[in-house]
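Please examine the sequence and the structure shown below.

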Amino acid sequence: MTVTIAIEPPRQAGVLRLLELSDAYAASLYPAESNHMVDVATLEEEHVSFFVARQGEAVLGCGALVEAGDGAGEIKRMFVDEAARGLKLGRRLLDAIVDRAGALGLSVIRLETGIHQPQAIGLYRAHGFVETGPFGDYRPDPLSIFMEKTLS
């Protein structure tokens, strides 16, 4: 069966389940003060493009592009269900987010991820993201890695 990726509302049962799994995974790796998740209400805001990867009705992954209002965007809530890992959905979601950022005319995409997530770090590096310092409201955190990609 084909996997589709599309912009969808985040407040739906399969997505909420995936966000709960994402929260639990992050909580297993980092203390609360080092988890920088946004809630569902934030994901529903007008300046957010929320992507869902699904196979039929099954929600397999998600990711959001949050427009900062200054020509930058931030990737939030990137997560792929453990059962779907190995299908290259992270790569496909990231491609969709980068394409959307380009279509919106953004000049840079930023993200924060944790040091205990080597697969995510590797994915971002493979897509041309480079390490940078904290941005926006973030503060230095020894458990965080901040990355960005300039768009042409």
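The strand β4 gives the largest share of the lining of the largest pocket, 6 residues. The structure is a predicted model, in which local features need pLDDT of at least 70 and side-chain atom pairs count only at pLDDT 80 or more, whereas totals for chains, interfaces and linings use all residues. Residues are numbered from 1 along each chain as its sequence is written, and side-chain values use heavy atoms, with hydrogens and water left out.

A pocket is an open set of points on a 1 Å grid over the protein atoms alone, where a 1.4 Å probe fits, with protein on both sides within 12 Å along at least five of seven lines; its lining residues have an atom within 4 Å of a point. Its volume is the space filled by probe spheres set on the points, which are joined across faces, edges and corners. Helices (H or I, at least four residues) and strands (E, at least two) are DSSP runs, numbered from the N terminus.

The largest pocket has a volume of about 920 Å³. Among its 36 lining residues, Met78, Phe79, Gln117, Ala120 and Tyr124 are the closest to its centre. Two or more lining residues come from each of α1 (13-29), β4 (72-80), α3 (89-103), β5 (108-114) and α4 (118-126).

The second largest pocket holds about 310 Å³ of space. Of the 16 residues that line it, Glu74, Phe135, Gly136, Asp137 and Tyr138 are the closest to its centre. Both β3 (58-67) and β4 supply at least two residues of this lining, and β4 gives the most, with 4 residues.

The chain contains 4 helices and 7 strands, in the order β-α-α-β-β-β-α-β-α-β-β along the sequence. Its radius of gyration, taken over C-alpha atoms, is 14 Å, close to the 15 Å that the globule rule (2.2 Å times the number of residues to the power 0.38) gives for 152 residues, so the chain is as compact as a globular protein of that length. Of the 152 residues, 45% count as buried, that is, under 20% relative accessible area with a 1.4 Å probe, protein chains only.

Technical notes
Buried < 20%, exposed > 50% of the residue type's maximum accessible area, 1.4 Å probe, protein only.
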